[in-house]
Amino acid sequence: MVHFGVEFATTFDTPIVSHVTEATRHQPFLAIVLKLDYDLIMQTCTELKLDKPDRHFEYQSISIQNMDDGIYRTMSRLLALEQEPEYLASLVPLIKKELVIRLLHGPHGTQLRHIASVGSPSNHILKIVTWMKKNFTETVGMNELAGQAHMSASSFRVHFKALTGSSPLQYMKNLRLQEAREQMLLNGLDATQASNLVGYESASQFSREYSRLFGLPPQKDIQRLRQY
């Protein structure tokens with residue numbers, strides 16, 4: 001018996017943490033990750049003549065919805081092609097396009113149409129995000145990041161938030177806090193050690209921002225996670 005789960009769509013590389021809450025040998029958890037091409041999304045929006053999102057729409061880079069039966073059937077057919085490798089090259093592009101069409105017409109549609117209206121992610125912003133993920137422990141100012149992206153500070157802030165749904169400063173904070181959480185959970189670091197490791201100079205500031213992001217202070221949050 002198959003229990004449908006959720007569809008998790010992200011339109012930009014965003015730091016997240018997830019965990020499986022229920023799985024058994026007889027009912028295992030199955031996750032499928034499929035990367036869709038931005039050009040395909042934009043082309044399909046044009047072909048379907050879909051309107052741009054309302055200007056008051058609040059973009060978020062992550063969209064979570066209950067699994068749709070149509071999406072499930074499409075993904076099942078895509079997986080089944082692994083048993084027929086001779087059809088992969090010709091049928092995978094068609095199935096991916098069907099999947100994009102279903103997503104555009106479903107609950108994720110507004111998020112995807114937003115990306116189509118903005119255009120594919122700026123190479124400059126992508127480079128900055130890549131740099132931030134490798135250097136999140138460093139102290140860096142907005143002007144310096146904007147300079148690396150060859151933009152003014154105001155333009156950089158607008159483009160960054162349009163693509164990530166977050167300000168550059170918040171994005172950097174989230175990277176630090178996610179890494180600190182992982183270090184405490186997996187490597188047994190305490191909050192002070194973790195905060196120092198990811199670049200915080202103030203333990204109290206770390207605790208406040210950690211609680212704001214995860215809903216609990218570091219120690220209580222890690223205790224809760226270890227109960228699963």
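Visitor: Before we start, what does "buried" mean here?
Guide: Buried means under 20% relative accessible area, exposed means over 50%, and partly exposed is in between, using a 1.4 Å probe and protein chains only. Helices (H or I, at least four residues) and strands (E, at least two) are DSSP runs numbered from the N terminus.

Visitor: And what kind of model is this?
Guide: This is a predicted model, where local features need pLDDT of at least 70 and side-chain atom pairs count only at pLDDT 80 or more, while totals for chains, interfaces and linings use all residues. Residues are numbered from 1 along each chain as its sequence is written, and side-chain values use heavy atoms, with hydrogens and water left out.

Visitor: OK, helix 2. Which of its residues are buried?
Guide: Gly70, Ile71, Thr74, Met75 and Leu78. They sit on the same side of helix 2, because they cover an arc of only 130° around the axis. That arc is taken from the directions from the helix axis to the C-beta atoms.

Visitor: What covers them?
Guide: The cover includes strand 1 (6-10) and helix 3 (88-105). Contact here means heavy atoms within 4.5 Å.

Visitor: How far does helix 2 reach?
Guide: Helix 2 runs over residues 69-80, 12 residues, and spans 16 Å from first C-alpha to last, close to the 16 Å expected at 1.5 Å a residue. The expected span is 1.5 Å times one less than the number of residues.

Visitor: What caps its N-terminal end?
Guide: Aspartate 68 does, with a side-chain oxygen 2.8 Å from the backbone nitrogen of glycine 70. For polar contacts, the rule is a pair of N or O atoms within 3.5 Å; within protein, one must be able to donate a hydrogen and the other to accept it, and residues adjacent in sequence count only if both atoms are side-chain atoms.

Visitor: Switching to charges. How many salt bridges are there?
Guide: The whole structure has 7 salt bridges. The cut-off is a side-chain nitrogen of Lys or Arg within 4 Å of a carboxyl oxygen of Asp or Glu.

Visitor: Which residue pairs with arginine 73?
Guide: Aspartate 69, at 2.2 Å from N to O.

Visitor: What about glutamate 47?
Guide: Glutamate 47 forms a salt bridge with lysine 97, and the closest N and O atoms are 2.6 Å apart. That pair links distant parts of the chain, with glutamate 47 in helix 1 and lysine 97 in helix 3, 50 residues apart.

Visitor: And aspartate 221, buried or exposed?
Guide: Aspartate 221 is buried, at 0% relative accessible area. Its side chain meets that of arginine 224 in a salt bridge of 2.7 Å, N to O, and arginine 224 is partly exposed at 27%.

Visitor: Which residues make up a salt-bridge network?
Guide: Arg77, Glu98 and Arg102 are linked that way.

Visitor: Now the inside. How many residues are in the largest nonpolar core?
Guide: There are 29, and those with the most contacts inside are Ile125, Ile128, Met132, Phe156, Phe160, Phe206 and Tyr210. The largest share, 6 residues, comes from helix 8. Apart from that core lies another of 17 residues, among them Leu40, Ile71, Ile95 and Val100. A nonpolar core is a set of buried Ala, Val, Leu, Ile, Met, Phe, Trp, Tyr and Cys residues joined through side-chain atoms within 4.5 Å.

Visitor: What does isoleucine 125 contact?
Guide: Leaving out neighbours within four places in sequence, isoleucine 125 is in contact with Phe12, Met151, Phe156, His159, Phe160 and Leu163.

Visitor: Where is serine 195?
Guide: In helix 9, residues 191-197. Serine 195 is buried at 1% relative accessible area, and its side chain reaches the backbone oxygen of threonine 192 at 2.9 Å. Not counting residues up to four places away, serine 195 touches Tyr200, Ala203 and Phe206.
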